[in-house]
Amino acid sequence: MNFCKYKEIIEEGDTVILYLGFNNMHAITVKKGETFQTRYGALRHSDLIGIKFGGKVQCPKGYLITLHPTPELWTVNLPHRTQILYTTDISLVTMQLELRPGSVVVESGTGSGSLSHAIIRSIMPVGHLYTFEFHPQRAALAEQEFQNHGISQYVTVAHRDVCSDGFGIENVADAVFLDLPCPWLALPSAKKALKQQECDILDGIFGILGHSRLFVHLDIQDYWYIWTFKTIGTSGHSRLLEFIWNILYFWTCERTFRIILDLIHFTEEDCVPFLHA
Amino acid sequence: MCSTLYSFTAKVILMMESTCLNSIKDESQVLIKKGENIKIFRVKKGRDIFMDNTKFSLDGAIGHPFGTTFDVVKGTLVKVANGSNKEIESAGKDTEGSQLKDNRDLYDLNSNQKLSKEEIERLKKDGVSGNELVEHLIENSLTFQKKTEYSKEKYIKKKKRKHVLQLTILRPTTRLLCEMYSKSAQKICYLRVDTLAQMLTYGNIHAGITVAVVDTCQGLVVGAVMERLGGFGQVIHLYHESIPNRTAVESYDFPVEMMKTLYSFPLNQVNTLTLKKATHEVNNECISNSDETIKDTSEQMDLEPDASRNVCDALIVDKNDISEKRTDVDSDANKLCEKSVGKNKTEGKRTHDESERKARKEQRAKEWKDARDLLERGQLDCLIIASKLHPTPIVRALMKFVAPSRPIVVYSQFKEALMDCGVSLREEGGMVNYRLSETWLREYQVLPQRTHPKIQMSGTGGYLFTATTLAKISVMTE
């Protein structure tokens, strides 16, 4: 199946999101003969084949709903190999990197592929994602996942340490996204990866996600606009935006609850002076 | 199949070429950013624009890539040479070593600056460059040397912002347009960039889908959706006034091919829509991939020459537009209006008016029919609502046209409206995975040892309600 193309009927090999109730979803790959145990009883995979996405499936003690996979549903249901980016951050990254069909994006590290799926969705069918992961198993798993989801033609996974070896590609990308412990090490190579223009102006956009490190003093003259965003507990630089999830109302059996997540304030110790290469 | 593939590929190339062009052209829309001030203009050879109390022409920008920084020199744009900004910064560097300074003896008096306002004006008239003027100001400041290094940097930055006429020309994109509209947020129902980003993401907006957008945000959401579709797929704009207000869509400068994927339909006729019975044939038609839908629309949209269509649109935009952007963005609309008015005067007003009005009516009726056909198939891949109208009746009326397992995204400035919407939808059933959320967005100043949140923070970005549709009960398998 193609993750990023809507389909009507479930077939074997498809990824299906099973919705059992609020905050209770599972992602499965349909395979004849397999069974999925739920609290409503056993669900035979073969029962799913032929059902419409969005339709109900009966189980011995109840029913569950099948949903078409989307990068958003995948993000909350994927097997975590690393800490992932969630949809709120992903949406702002996509907006700030100005992704659209045809964009060529370079990403490192791939991690569990949460952001990768979202990027591919935004840039297909005529864009491409080059994603780099230095952990061999994660790189292989990511490649396998993209293949299972039918989107491998839009992405190239490379097993490579971009901080020490660079990206190895030049003059291709419209946008670069770095989610690394030491992104400044990859920055010179990332600059080269962006599409160059005659007047030495890089029209590409960087997004740098930092985990509890602050990079300051990125020579501003050389970069007209670098944007870094901050999620809870991490930090960034220059034009820094930070999210705080404020009020989430949930309806579950007449109850509503409010969850307020607050910002973790960072201190001066987090600041690491960055020397521009 | 071969011919559709060819037309699809040709379309792809066309759209890629038009959307990836990186240089500023005549008649293109550009965003001009000067400091915090960002505005949209249309480049017109020989026509001056007015920004920040300065009048200048944009001719000097033509041919340069987007993202170039220019100096305003005697009413024209001159590209800034690389590295010219570095000189002035060194004036702030502390040469006396790391003596600890503070502002205990600094008094904020007008007399601290020896140059008077008239003298500064005179220097400007004499043709002193912005950077030199800032240097003069520093020399003539009594307190400058007593300031800390950071304070000196801040002072220089402030003076440069005022006296150095430097601006950057950017390609209009959603995030920049959001920044521009945030200054007049009421026009876009206080929609903030991160909320809009979430709408597009939760709505799974990608190439090849059919999206219905209810938009009273001057078409910003419609434009953002179109940008994400990249020309693949269709957008139906449902509007509530007599004519759709889509000034933001103009700002994107979408190529003609892409504008053909935009349909309009009036909200007040939604009740006349009937869902076509989901027969096998209809279904097969609908499960079309992007090539086929593009083929369909290009066959259906048998347009009159573009010029007349532009006249219609221009007149429409002209009537509705009350923002000050009118003179800049719609200058050609005005021109066309003048042309048609002039025509009327010479060729007999009444008959020409009649035929024009008739042509417009027919055009509109055709557009409505195309939109109606699209909607009535009941295969919408996403429904996005971002309007000042109460969302509940709109969602209830339109949800039956959305295919199963598709997202519905509703934005409102007020959470009460969305709570009401959510409760109403729960009663009706047919949807799962309800979520109502609000996000905070905080901007930081990040400089060495001066990192802190900016003092001003956006108070609201509105609220978002999302849900996923289910398959209709009648077609459900047991």
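Student: How many helices and strands does chain B have?
Tutor: Chain B of this predicted model has 18 helices and 15 strands.

Student: And what share of chain B is buried?
Tutor: Of the 478 residues in chain B, 51% are buried. The chain exposes about 23,300 Å², and carbon and sulfur atoms supply 52% of that area.

Student: What part of the contacts comes from residues 24 or more positions apart?
Tutor: Among contacts in chain B with a separation of 6 or more, 73% are between residues 24 or more positions apart.

Student: Let us turn to packing. How are two packed helices described?
Tutor: One gives the angle between their axes and the distance between the axes.

Student: What are those values for helix 4 and helix 5 of chain B?
Tutor: Helix 4 of chain B covers residues 130–139 and helix 5 of chain B covers residues 149–163. They pack at an angle of about 135 degrees, and their axes are 9 Å apart. Helix 4 of chain B is therefore oblique to helix 5 of chain B.

Student: Is that crossing left-handed or right-handed?
Tutor: The crossing of helix 4 and helix 5 of chain B is right-handed.

Student: Which residues meet there?
Tutor: Helix 4 of chain B contributes G130(B), N131(B), L133(B), V134(B), L137(B) and I138(B). From helix 5 of chain B come Y155(B), I156(B), K159(B), K160(B) and H163(B). The residues of this contact comprise six nonpolar, three polar and two charged.

Student: New topic: where in chain B is C189(B), and what is its phi?
Tutor: C189(B) lies in the loop between helix 6 (174–181) and helix 7 (193–202) of chain B. Its phi is positive, about 55 degrees, although C189(B) is not a glycine.

Student: Is C189(B) buried or exposed?
Tutor: C189(B) has a relative accessible area of 5%, so it counts as buried, the cut-off being under 20%.

Student: What about N204(B)?
Tutor: N204(B) is not a glycine either, yet it has a positive phi of about 50 degrees. This residue sits in the loop between helix 7 and strand 8 (209–215) of chain B. N204(B) is buried, with a relative accessible area of 2%.

Student: Now chain A. Which residues does the cis peptide bond with omega of about -5 degrees join?
Tutor: That bond joins S108(A) and G109(A). G109(A) is in the loop between strand 7 (104–108) and helix 4 (114–123) of chain A.

Student: And is the bond from M124(A) to P125(A) cis or trans?
Tutor: The bond from M124(A) to P125(A) is cis, with omega near 5 degrees. P125(A) belongs to the loop between helix 4 and strand 8 (128–133) of chain A.

Conventions: Residues numbered from 1 in each chain as written. Chains lettered and ligands numbered in written order. Predicted model: local features only at pLDDT ≥ 70, side-chain atom pairs only at ≥ 80, totals over all residues. Heavy atoms only, no water. Axes fitted to C-alpha atoms, helices over the stretch in contact; angles between N-to-C directions. Helix = DSSP H or I, 4+ residues; strand = E, 2+ residues; numbered from the N terminus. Parallel < 35°, antiparallel > 145°, perpendicular 65-115°, else oblique. Left-handed = near helix turned anticlockwise from the far one by under 90°. Contact = heavy atoms within 4.5 Å. Nonpolar A, V, L, I, M, F, W, Y, C, P; charged D, E, K, R; others polar. Buried < 20%, exposed > 50% of the residue type's maximum accessible area, 1.4 Å probe, protein only. Areas by Shrake-Rupley, 256 points an atom, 1.4 Å probe, with all protein chains shown as cover.
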